[in-house]
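Hi,

Here is the structure I promised to pass on. Have a look first, and then read my notes below.

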Amino acid sequence: MLQPSTIEDLREAILNRPRLIPIAGSSKPGLTPVDDLETLSMLSFTGVLEYEPSEYTFTARAGTRVSEVEALLSENGQYLPFDPPFIDKGATLGGVLASGLSGSGRYRYGGVRDFILGVVFMDGRGRVIKSGGKVVKNAAGFDLPKLMTGSLGAFGAILELTFKVFPKPAAYRTMVTKLDDINQVREILARLSLSPVELHCLDIETTEEAYSISVRIGGPPEPMEGRIARLRRFINLDSEVLSGTSEELYWRKVSNFDWVPQGFYLVKVPLTPGRLLEFESTFRGTGALRRYTTGANLAWIAWTGDLQGLDERLCQLNLSGLRIIGRQGPIKLGAQSALTFYRRVKSALDPDHRWAEVN
Amino acid sequence: MFNSKFSAELLRIYHEDRMLTSPAQLAPYESDALTSFQVRPKAVVIPEDQDEVIETVRLCHEHEVPFVARGSGTSLSGGSLPVAEGIVIALNRLNRIIRLDPEQRLAVVECGVINLDISKAAAPFGLYFAPDPSSQLICTIGGNLAFNSGGAHCLKYGMTSNHILGIKAVLADGEVVSIGGESLEQTGPDLVGLFVGSEGLFGIALEITVRLLPKPERYKTVLAAYSSLEAAGNAVATVVAAGLLPGAIEIMDNLAIKAAEAAVKAGYPLDAEGLLIVELDGEASVVEHEFSALLEVIDESGPYELRVAQDEADRMRIWKGRKSAFSAVGRLSPDYLVQDGVVPRSKLGETLREIQKLGERYGIPVANVFHAGDGNLHPLILFDGRDPHMLEKAEDLAGEILRLCLKMGGSITGEHGIGVEKKKYLSEMFNQDDLDAMRAIRLALDPKLLSNPGKMFLEAQSLHAIT
């Protein structure tokens, strides 16, 4: 494995090796193919370059650990609203963008794509390309920072990123409601989509016997009790309220995907709330564990056994999947769309196919 | 090229009533809101459905005729300026709202749907479409998508791109593609994000899936008048430092205030050097709590007058003045250019002082209206176009202001896009490699350079071969 420490080293690598894939923290090991590819560690490209809290932006090198950024932002009363997962497993900023993974907290203000402002990357010709900008509003040139979101190294190696950040809520509360069947879940979800209480997270946990809905709210501490009371009346079912360190720990465990058993695959499946029942009936009883985030706009599946079985079901449902944990089988699962458009963009940024693509 | 054979093919689709060719018919399409540029196209066609648009683009590709898609022609950067050898495809009749799904919080709309009409359709469900450019009564979602339109609520809510989930488009070579979908999440690279803001250079977006948000439960709006523009700017800094996230923060200078008052009588204090509008929005109990904090902060910043909107009508009146500012300055001056630079918020005060000095040096008055929350300036450069030298002088001043924004670490455009207007400045923000990468993408999607040519890239750059 190569680990360049300068731009020149990186350029030399991309121009002289047949195919490369950038990696960094390996917190999402399922995203790196095991076949005959040379990996390029970006871990030497590290460090926060610019951070002015009053600007609501920061710029850092791609190999910078999210944990470092999270701590720095927190000291200044700010946070990453897209709630990147796997922070405790060593996630880096470049990996956050390249994987395009946002956490449960993205429900409030948006995902990775909604907070990336600028990206500097090295393309398939070894050229350093600057895109976007460092200010929160910018309409100059094509929006390559968004394109790099979820790009998985196909268009180049990310070198530097500029993100928008927001003030961190001073307090949080989480309400957990246990339910017996999926129809009840569906009904509560529909009701909550019109909730006047602004939600940071809206997740659904499943077991083979029951379900639970976890709702997180954030904001100034003074109105918090009133808001929880309002949410209770709105949901109108027995609920437990978490606060303080146990509340924080609950979401940290979710963010680290602690619920995924050892040896299981973890696959991301974008969804829409309307398809929740269909999805559940497809996977209940298969041995797969399911967790839904972002108001059921995202399904996370922990799968055991041959990935082929998951792939087939996703194809039948016309849904796409992305393998995040697990090392056998395909990384891209299910139905793939917009392939010709993607191929054209790929040929433009990396005509010689030096940056490997995951399959 | 546009020859009799091509013309006959168009006529077969559109007949005489929807294919305009006479000078009188073409006149309204020769310019958009960047009125200093006019170009007469060979023809304007008015499709009534998506299939007609697709067929037209394919014909254009076959005959190598350039085309410019046009919504309501409100672009301030010349984004829908016609091409003399080509046609304009006017999309206002593709105005169907195909589906509105309140539970999924999305709508599927055709490109010609008016921005505000989406919110009107969503209103009965307590939802709305957040991007609110000031032209939203007229502008189309297709145009918003092409130029990644902004508005006054971008710091908290983002731009058009943050509210587009899926696009069905016809690319310049006639291929129809569907990118994105209905989910808030995706696997794979954000191709929708690439398409939004591509200024019509890839093809034409036909059908768009937009994200809807619940309408905020409460708005609290305050208007503060200051005896200096700098004081208004400093107030913004303290609001932000207090950890508040207002829905909107706007500033107007004295010239802009006077113009707005003359036009719509919003009740603005006429002697204010700087007028600040701050709006909080969201859940009622949170907004009420944060509003007390906001009032404290603003009070300490030393305004000589402070007004809180008492009801929705009051709030609308405050915004009416701000939203009419651009058209209102037409009363102060026969002509004007509006710029759209962005600077880091902390550099706002310094930038405004520099703009004032530049205006004095050129002898040209500049009115200032801006989205203070996100550092997006709109200097309105006022001149009399009857004097042949004034347009050139005004454009030079505009260029200097853009360079100033770049010097401050900002951008040459916050929301109007490059269009025709700022082509020559793009290379001051990006270098040759950066532009090559963008051009390569454009060429991969529009190899014959037929889709909205003459925008974003300088001609020589556009034809530059990628080796």
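Predicted model: local features only at pLDDT ≥ 70, side-chain atom pairs only at ≥ 80, totals over all residues.

Start where the two chains meet: α11(A) packs against helix α16 (residues 432–445) of chain B at an angle of about 140°, the axes being 8 Å apart. Axes here are lines fitted to C-alpha atoms, for helices over the stretch in contact, and angles run from 0 to 180 degrees between N-to-C directions. Helices (H or I, at least four residues) and strands (E, at least two) are DSSP runs, numbered from the N terminus. That makes α11(A) and α16(B) oblique to each other; angles under 35 degrees count as roughly parallel, over 145 as roughly antiparallel, 65 to 115 as roughly perpendicular and the rest as oblique.

R344(A), V345(A), S347(A), A348(A) and L349(A) make the contact from α11(A), and A437(B), A440(B), I441(B), A444(B) and L445(B) make it from α16(B). Contact means that the C-beta atoms of two residues, placed from the backbone, lie within 7 Å. By class, this contact of α11(A) with α16(B) has eight nonpolar residues, one polar and one charged; Ala, Val, Leu, Ile, Met, Phe, Trp, Tyr, Cys and Pro count as nonpolar, Asp, Glu, Lys and Arg as charged, and the others, Gly among them, as polar.

Residues are numbered from 1 along each chain as its sequence is written, while chains are lettered from A and ligands numbered from 1 in the order in which they are written.

Now the whole interface. Chain A puts 69 residues in contact with 72 residues of chain B. On the chain A side, α11(A) brings the largest share, eight residues. That side splits into 28 nonpolar, 24 polar and 17 charged residues.

Within chain B, there are three domains: domain 1 (1–215 + 430–467), domain 2 (218–327) and domain 3 (333–407), with bounds from an automatic or database domain assignment. The C-alpha centres of domain 1 and domain 3 of chain B are 28 Å apart, and each of these two domains gives six residues to their contact. On the domain 1 side, four of those are nonpolar, two polar and none charged.

Chain B also has an open, antiparallel sheet of five strands, in the order β5-β6-β10-β8-β9 (strands pair if DSSP finds at least two bridges between them). β5 (97–101) and β9 (176–180) of chain B are the edges with a single partner each, so one side of each has no neighbour in the sheet. Neighbouring strands are turned by 15° against each other on average, direction ignored. Between β6 (residues 106–110) and β10 (residues 203–211) of chain B there are five bridges, and E110(B) sits opposite E207(B) in β10(B). Helix α3 (residues 50–63) of chain B packs on this sheet, touching β8 (164–171), β9 and β10 of chain B.

One more helix pair: α8 (residues 229–241) and α13 (residues 348–362) of chain B have axes that come within 9 Å and cross at roughly 160°, and α8(B) and α13(B) are therefore roughly antiparallel.

Cheers
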